[in-house]
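Look at the two chains shown below.

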Amino acid sequence: MLSRLILFIFIFLASHLAGNVRGARKKTERGWGWNQLRRHCGGARPRPSAGRRLRGAQIGCRGGCWAKMAAMKKALPPRLVGLTFFRAVSTSSMGTLPKQVKIVEVGPRDGLQNEKNIVPTPVKIKLIDMLSEGGLSVIEATSFVSPKWVPQMADHTEVLKGIQKFPGINYPVLVPNLKGFETAVAAGAKEVAIFGAASELFTKKNINCSIEESFQRFDATLKAARSANIPVRGYISCVLGCPYEGKISPAKVAEVTKKLYSMGCYEISLGDTIGVGTPGIMKDMLSAVMQEVPPAALAVHCHDTYGQALANTLMALQMGVSVVDSSVAGLGGCPYAQGASGNLATEDLVYMLEGLGIHTKAGKGQEELLGLRSFTQTWPTS
Amino acid sequence: MGNVPSAVKHCLSYQQLLREHLWIGDSVAGALDPAQETSQLPGLPEFVKIVEVGPRDGLQNEKVIVPTDTKIEFINRLSQTGLSVIEVTSFVSSKWVPQVAAGATEISVFGAASESFSKKNINCSIEESMRKFEEVVKSARHMNIPARGYVSCALGCPYEGSITPQKVTEVSKRLYSMGCYEISLGDTIGVGTPGSMKRMLESVMKEIPPGALAVHCHDTYGQALANILTALQMGINVVDSAVSGLGGCPYANGASGNVATEDLIYMLNGLGLNTGVNLYKVMEAGDFICKAVNKTTNSKVAQASFNA
């Protein structure tokens, strides 16, 4: 094996380091706190991904950790891997990022509906109130679906009636059909959302009808919403892949998007439902959709099942999309992959946007979001 | 996502789904379909070299001490994956000549773009460290031994805060001109975002060709893949990563560490970039080492796939 390995030696400046290494192992040094880092990093406030609020600075130094190690490298000639479905990305799209991004917080709905434990109603209400105080301008509160399908959302009316409705913040709710719409309006809903899919099989499994039939169902809801002056947001699932059909063509996504937009949805959220997408495929899909629907009417809803959500979102921003769905604490798993992670985490999204100098319309920024994360980890469950 | 009824259990198994639809590439020998090759958009490198730092940067940040034969088994498994560069650790003294006698054929030197970090880490200023490295790299070159240079804190420092792109350029240029064949620019505490990555690379690339640069992103704030995508779009084609995202961050308790090799390969495969690496085998090596150090993987791809 040695003959195939290339040894790396990290030069250990022993004459300088020996004492330092021994000392450094025993103590952590207090370095810059996060507020100081924020000031120097141009406003981006770091956050601990473990979900705990940092108490002061935990800056440790391993003293010579880099320099004391030797490395061995193994060299093999690279082999080409055959791939038949992929898209590369050009650099021409870099650089034109939106100045402002609207974040649609879907934690209380998309996030919670995928959590196994039923969260008590008062806890849901508190979560939404905390999100409101966090400065988010759109918070999806609940879903008026049958409790038979989604037990987590059984308390939809109580939640919608119980939350504080801050001025300037929208609280859309999901409605599967006209009946759900009517119940939602009776409970005080001022904005609703409907759900389509770019996959026939997914539509069949999810709502037991074809895509065309689903449009007919939506039509009733959209007409009623128009009469009541209630804006409707459209969601499209499986835009970058389907757990049943596999690949989804960008043309199909464009077709469904165009239909929902022409039926009266003011915004269409394009969902990578099972998180399989990568930036090239996101770009292809958006290129097709943007030929039919203006970018300002589009949003992306990326799941982080394969860790691609933020990279995919960045690509969408480069394409001109300026509305992004995310979920506080990355709530929600994936029902198609047990143990997998769920939505893009709002904190990580805000961190990136702030680092890019993009205004998020979130008045207060990360501090409140940090508090929210620890809240979601300690709530009681029934 | 809308309602999710019991239909879930009738969908394709995840491994089957992904294999059949080739979202993650299988290790199929042979060249790319020429039609596919020409359909690739310009701007991205065709081949990306992954430098696997799990056994070194990853394990050094893990609390559990891994027994030697476990390390060897781990590296052996990584060797089967197609990875062309795997870094492994062993403690050495400054007298590196014996290592050369033992068969070492490459060396690495670690600089930093921050004076404070340099002082705290190796107890000397950047200038002093460069002078030391110069001696070493020059001697190595006389013996025909290539040298790789690392620059820590390229996007931020736990002591100084923000680091100017000019400083990173200055240090990188110094390492490059003394003879390092490749400079790995490290976002040591993972604070960078695509904007700061772009600004830093724009500055460095005025002095050093992209072919001699690599990025080493930590995922402390979940920004690693977005930062790497930005680097690829700028023309960088060497990326450091660690299987299972091994390693934490000594500057942020509980934080995640390196970008996970599995998640990186997933993205590169999806972008149509060749890596020569078999994702499944990397996932298996990751599963092995996570069990050995008794921790959950930091790779989202592994989380989604092994539990499905």
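In chain B, the axes of helix H4 (residues 68-79) and helix H12 (residues 279-293) come within 9 Å and cross at roughly 165°. Here helices (H or I, at least four residues) and strands (E, at least two) are DSSP runs, numbered from the N terminus; axes are lines fitted to C-alpha atoms, for helices over the stretch in contact, and angles run from 0 to 180 degrees between N-to-C directions. The crossing angle therefore makes H4(B) roughly antiparallel to H12(B), a label for angles over 145 degrees. Two packed helices are described by the angle between their axes and the distance between the axes.

Which residues make the contact? From H4(B) come B:Thr70, B:Glu73, B:Phe74, B:Arg77 and B:Leu78, and from H12(B) come B:Glu284, B:Ala285, B:Phe288, B:Ile289 and B:Ala292. Contact means heavy atoms within 4.5 Å. The residues of this contact divide into six nonpolar, one polar and three charged. Ala, Val, Leu, Ile, Met, Phe, Trp, Tyr, Cys and Pro count as nonpolar, Asp, Glu, Lys and Arg as charged, and the others, Gly among them, as polar.

This is a predicted model, in which local features need pLDDT of at least 70 and side-chain atom pairs count only at pLDDT 80 or more, while totals for chains, interfaces and linings use all residues; side-chain values use heavy atoms, with hydrogens and water left out. Residues are numbered from 1 along each chain as its sequence is written, and chains are lettered from A and ligands numbered from 1 in the order in which they are written.

Chain B as a whole has 13 helices and eight strands. Of its 308 residues, 64% count as buried, that is, under 20% relative accessible area (1.4 Å probe, protein chains only).

Chain A has 13 helices and 11 strands, and buried residues make up 62% of its 382 residues. Helix H11 (residues 309-318) of chain A is mostly covered, with 10 of its 10 residues buried. H11(A) is followed by A:Gly320, whose phi is positive, near 110°.

How confident is the predictor about chain A? The chain averages a pLDDT of 78, and 68% of the residues score at least 70; pLDDT is the predictor's confidence in each residue, from 0 to 100. Among the elements of chain A, helix H1 (residues 14-26) has the lowest mean pLDDT (37) and strand S10 (residues 298-302) the highest (98). Over residues 1-93 of chain A the pLDDT is below 50. Where pLDDT is low, the predicted coordinates should not be read in detail.

Key:
Parallel < 35°, antiparallel > 145°, perpendicular 65-115°, else oblique. Buried < 20%, exposed > 50% of the residue type's maximum accessible area, 1.4 Å probe, protein only.
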